[in-house]
Amino acid sequence: MPRYSIRISKLWPVILITVFLLLAAGCNDGSITPGPTGQESGQNGYHQSAVVQNPGDASPGRLKVHFLDVGQADSILVQLPNEQNMLIDAGDNNDGDTVVDYLAKAGIKRIDYLVGTHPHADHIGGMDTVIKHFTIGEVFMPRVTSTTRTYEDVLTAIKEKKLKITTAKAGLKIVDDGSLQVVMLSPHGTEYADMNNYSAVVKVTLGEVSFLCMGDAEEQAEMEILASSLSPQADVLKVGHHGSHSSTSEAFLQAVQPQYAVICAGVGNDYGHPHKETLTRLQGVQIFRTDLDGTVVFATDGQEINVTTGKRNIDSSVSPGEAGLDNGQKDGGANGQNNEQVYVDDNGRGLIKGNINSRGEKIYHMPGGANYDNTKPEQWFKTEAEAVAAGFRPVKG
Ligand SMILES: [Zn+2]
């Protein structure tokens with residue numbers, strides 16, 4: 001089962017010395033978190049991340065932040081170390097059951113803090129389903145209404161459970177408990193031309209590690225945060241608005257200084273998210289994308305950060321240290337005969353998958369190929385020549 005797991009530490013010098021000492025003592029501390037072995041890979045595929053497999057390991061003292069793969073939508077589960085749970089957004093209208101399933105498998109029964117960042121369907125669409133299924137503590141939403149059926153469904157669900165909405169706004173302290181802080185950094189204003197700028201921006205801090213979840217906040221909201229006394233600095237940035245170029249401005253990024261960025265976007269979405277400009281601005285930041293990585297889970301004790309993704313495509317044929325990549329390149333690239341054969345579906349859409357793997361290598365996969373089904377396409381091609389022209393090489397084997 002493809003799994004990608006790394007751990008970093010804010011205490012590198014100490015860790016390095018410790019690891020050295022441990023190694024010298026013959027003890028294997030291991031910087032890679034072992035995933036649960038022997039788990040079934042068949043059902044539900046990538047949604048069964050380590051945490052879901054081990055619901056009990058929401059251990060006290062650790063903070064877990066799950067960026068759920070709900071396609072072109074947002075849903076973030078935050079398991080606080082005080083055993084409270086927060087859900088920021090609940091996916092689109094047809095994602096409600098996916099979110100409910102994921103939370104249930106993680107052993108969640110109560111959502112202490114439910115945040116609807118803003119009334120767009122790709123954020124609150126599944127929220128009515130979530131409200132019906134779980135015990136809900138407080139509901140936070142910005143003071144802006146919408147006339148959509150989606151929004152009305154959420155209001156109805158809130159009313160039926162006799163819940164009240166707390167207005168989401170900058171400066172709101174949701175949890176204020178020593179080293180554990182959950183604070184809202186936005187919205188500052190009460191009237192925005194663009195609904196996205198009403199987004200509730202949530203910062204969760206445990207010890208020295210912070211997560212900043214931007215909803216769909218755009219540059220205007222970012223500037224307001226920068227002008228405020230609230231620090232946006234964070235180790236993990238949930239990039240605003242699915243990686244659109246209208247968010248994640250250079251100035252804001254300078255202030256956040258993230259080590260990791262998470263982009264919630266759907267495969268082949270109509271908006272072209274994430275936009276190139278955003279990815280360029282994020283150079284030097286390690287990026288996780290739900291369209292490529294599936295559900296991304298961070299865990300921290302306030303010092304170290306551990307990341308697990310559901311399905312980063314570590315293609316066995318391009319595994320580290322493998323020889324023969326060059327051969328593959330030559331074979332495919334120069335294969336003039338089959339290069340022009342067209343692979344399209346009934347609608348004329350290309351069927352060749354262009355994938356950028358974890359090491360940034362551009363590889364294309366042919367229909368029927370060994371890893372074709374597991375491959376997340378970043379681009380689709382109709383012919384091999386088209387793929388090669390775009391800088392992709394054929395997968396070996
Ligand atoms: Zn959105």
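How many helices and strands are there in the chain? The chain holds twelve helices and 20 strands, where helices (H or I, at least four residues) and strands (E, at least two) are DSSP runs numbered from the N terminus. This is a predicted model, in which local features need pLDDT of at least 70 and side-chain atom pairs count only at pLDDT 80 or more, while totals for chains, interfaces and linings use all residues. Residues are numbered from 1 along each chain as its sequence is written.

The confidence of the prediction may be considered next. The pLDDT, which is the predictor's confidence in each residue on a scale from 0 to 100, averages 82 over the chain, and 76% of the residues score at least 70. Over residues 18–56 the pLDDT is below 50, and this stretch has 49 contacts in the model beyond near neighbours in sequence; two residues are in contact if their C-beta atoms, placed from the backbone, lie within 7 Å. Residues 313–339 also have a pLDDT below 50, with 37 contacts beyond near neighbours in sequence. Where pLDDT is low, the predicted coordinates should not be read in detail.

Of the 397 residues of the chain, 44% count as buried. A residue is buried if 20 or more other C-beta atoms lie within 10 Å of its own, exposed if 12 or fewer, and partly exposed in between, with C-beta atoms placed from the backbone. Among contacts between residues at least 6 apart in sequence, 67% join residues at least 24 apart.

Helix H7 (residues 219–227) shows how burial is arranged locally: Ala221, Glu222, Glu224 and Ile225 are buried. These residues lie on the same side of H7, because they cover an arc of only 160° around the axis; the arc is that of the directions from the helix axis to the C-beta atoms. The cover over the buried residues of H7 includes strand E9 (180–186), strand E10 (201–206) and helix H8 (250–256).

Asp177 belongs to strand E8 (residues 173–177). Asp177 counts as partly exposed because it has 13 C-beta neighbours inside 10 Å. Asp177 and Leu206 are 29 residues apart in sequence, and their C-alpha atoms are 9.7 Å apart in space.

Four strands form an open sheet in the order E19-E17-E18-E20, with mixed pairing; two strands pair if DSSP finds at least two bridges between them. Strand E19 (379–381) and strand E20 (393–394) are the edge strands, each pairing on one side only. Strand E17 (residues 352–356) runs antiparallel to E19, and three bridges join them. Opposite Gly354 stands Gln379 in E19.
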